[in-house]
Amino acid sequence: MRTEDRSIAAAVGVIAATYTYFLIFAQFGFLDQVRAVAGTPRMVQAIMGLMALCGMGASLFASWQLRRWDSVRMTRVGFIACSLAALAAPICQRPLPVALVALAIGGAMGWLTVCLAVALRQLVPDGWLGRSAGLGTGAAYIVSNIPAVFGGTPGQKALLAAALAGCGLLFLAAHPGHALPSPYVTRNHGRWPAFLPLLLAMTALVWYDSAAFAVIQQHAELKGLSWGSPLQQVQQGLIHCAAAIVAGILFDRGHLAGILMASYGFFLGGSLLLSNGADLHHLSGGSYAVGVALYTTILVAYPGQKGWDHERMPARWRAGLLFAVAGWFGSANGIGMATQLHRLPLFFLIVTGAVVIGNWLWAAVNTNQALLSLFLRPASLIVIMTLGWCIGWKLEDQAHLQLEAGADAVAAGRRVYISEGCMHCHSQYVRPRSDDVLLWGPVQPVDRSQAPPLIGNRRQGPDLLNVGPRRSIAWHRRHLIAPQEVSPGSRMPSYAHLFSGDNERGEHLVAYLASLGSALAGQRIEQELAWHLPAEVSGDFMAGEHLYQRNCAQCHGVEGKGGGPVAPYLATQPPALQNAELRYAPAVMPSLLRRQQLARIIRFGIHGTDMPGHEYLEEEQIAALVDYLVHLNPGRESHGIQ
């Protein structure tokens, strides 16, 4: 193999090891461990915030140290620190040690990514920087989306991450030496005036990506469109890889600003597909994957570009600022926005587009192009922005109209709730104690501005303060019409008369119930993710079969083949359970992790679908149901495949 080919192969391996470590461990595996250990959502946010702050500080500190130390040696130090942090993670099972590990992971990753970005100038031959970054990040996405890796436990991901850091050291050792042929043609992109628009564009894209991904993870229906099955996971990895390679080729040909424009376009396209008809939903995950792969390749490759250095903007500061501001700051704020708002505001989409297009225009002005081309680009920009604002204005008008109509329906539904005496059996007050919060969702202060307050007289049925995220609209409708069909043994009377003829009172009541607790949906999801069925709890298989026939057969069928009597009234058909592929608990998941997932689904349902929770079931009953479901749908480990 030629020396140049060996250099490229080693560099691709180093990049792949670094970003696989980030994707499977620093971004996901460790977060799952923090949720299991921290106990409260605020503690989770505090620990992950410490990681982000340490990552920002380490990125800038590495840039400062690179003025006198060799970047390749500093990259080795980063791999060693990452390996030690990953090995320490599974040992720590209390909040304070986990917080210390979070600091170590943030510091090690901040140091490693900056040092590696600068080291690529020495490791990659001229003309191959973008393609090497594309191949490396593409390989990382493929490995991270292997179902066995994607569904691994936090401990398994930590050990794999430590091994990947070791592989990074081996790839560095296998590199034949420095690859420093002639420099690239000098351009103006290294100076502060040209660098700042690109930094803002990258920050906006990372912010957008992090917020969108967090929103997807909070809604099971959206998550199912992208990572719901092993086949989807493999497809996502392949799409990521292909897009990253294309981005690398285009980067080597000088189309940096255009790649960022395309990244935003695919992000925006994915968002529009999600809000469009159901026939287009399946395309949204692929569009999102392409957008991520395009800008990630630029994030890795841009700082190492040769010939763009100037006294006020050397490569080490380009790398440090990109990873500190765009990487850590943009990501933290994106996740925070999704946690608070649970959506991407239209204004944010427009601002992100304006920033990305502004960077593209600035790049066009600062390159040697024909006068006609420079004239046409601003004109095109004006047309694009005008159309964007018009479309945005129209969307805002429609959104306001829908919001007003929805608010009217909710207000009318509240009046129906009062007139039908629902408050005599249902409370809207979650008591501030752990068992009540786990059953019915986050505590909220009593809204004394209501007339009258609907705290309730006594709780004969379930509390409704946060019922919106816990039940779907189709479930509410069928439950009001025929309560015993969806809740066998229920004493609730039928309210079918509210839906007869042209009577809209039933739909108004459904709208009101669906609105209750919607603002705290994110907190409810975090509570559910933090719950685990204790390992020592066991169930009775025969009891599980009886519980299935009582609670599940109405939707999934007596034999678990689907088509239960309630299924025709739901928005989506309940899936068959017997020897079928389960989107939210695939058979390829490790046995213990899959049992926990099934237990969580039984207890809390699946947000964004018609699957309700069964909050009243005891832990022994949930364990018995899990045993029966595993009997109907055995995983790969049940077949002897390890």
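Student: Happy to start with charges: how many salt bridges does the count come to?
Tutor: Good place to begin, and please keep in mind that this is a predicted model. Side chains of opposite charge can pair when their charged atoms come close. A salt bridge here needs a side-chain nitrogen of Lys or Arg within 4 Å of a carboxyl oxygen of Asp or Glu. By that rule, the count is twelve.

Student: Which residue forms a salt bridge with aspartate 252, and how far apart in sequence are the parts that the pair ties together?
Tutor: The partner is arginine 131, with the closest N and O atoms 3.0 Å apart. Aspartate 252 belongs to helix H10 (residues 230–252) and arginine 131 to helix H5 (residues 129–144), so the pair ties together parts separated in sequence by 121 residues.

Student: Which helices hold arginine 477 and glutamate 507?
Tutor: These two side chains form a salt bridge, their closest N and O atoms being 2.9 Å apart. The pair ties together parts that are 30 residues apart in sequence, because arginine 477 lies in helix H18 (residues 473–481) and glutamate 507 in helix H20 (residues 505–515).

Student: Is aspartate 463 buried or exposed?
Tutor: Arginine 459 is partly exposed, at 24% relative accessible area. Buried means under 20%. With a relative accessibility of 0%, aspartate 463 counts as buried.

Student: Now helix H22: why do its buried residues line one face?
Tutor: Helix H22 spans residues 541–551, and its buried residues are Gly544, Leu547 and Tyr548. Seen down the axis of H22, these buried residues line one face because they fall within an arc of 105 degrees. An α-helix has 3.6 residues a turn, so residues three or four places apart point the same way. The arc asked about, for the buried residues of H22, is 105 degrees.

Student: Which exposed residues sit on the face of H22 turned away from its buried side?
Tutor: Start with the buried side: what covers it includes helix H23 (553–556) and helix H25 (619–632). The face turned away from that buried side carries the exposed residues Met542 and His546.

Student: At the start of H22, which backbone nitrogen does aspartate 540 reach?
Tutor: Here a side-chain oxygen of aspartate 540 is the atom that reaches out. It comes to within 3.2 Å of the backbone nitrogen of methionine 542.

Definitions and conventions. Residues are numbered from 1 along each chain as its sequence is written. This is a predicted model: local features need pLDDT of at least 70, side-chain atom pairs count only at pLDDT 80 or more; totals for chains, interfaces and linings use all residues. Side-chain values use heavy atoms; hydrogens and water are left out. Buried means under 20% relative accessible area, exposed over 50%, partly exposed in between (1.4 Å probe, protein chains only). Helices (H or I, at least four residues) and strands (E, at least two) are DSSP runs, numbered from the N terminus. The arc is that of the directions from the helix axis to the C-beta atoms. Contact means heavy atoms within 4.5 Å. A polar contact is a pair of N or O atoms within 3.5 Å; within protein, one must be able to donate a hydrogen and the other to accept it, and residues adjacent in sequence count only if both atoms are side-chain atoms.
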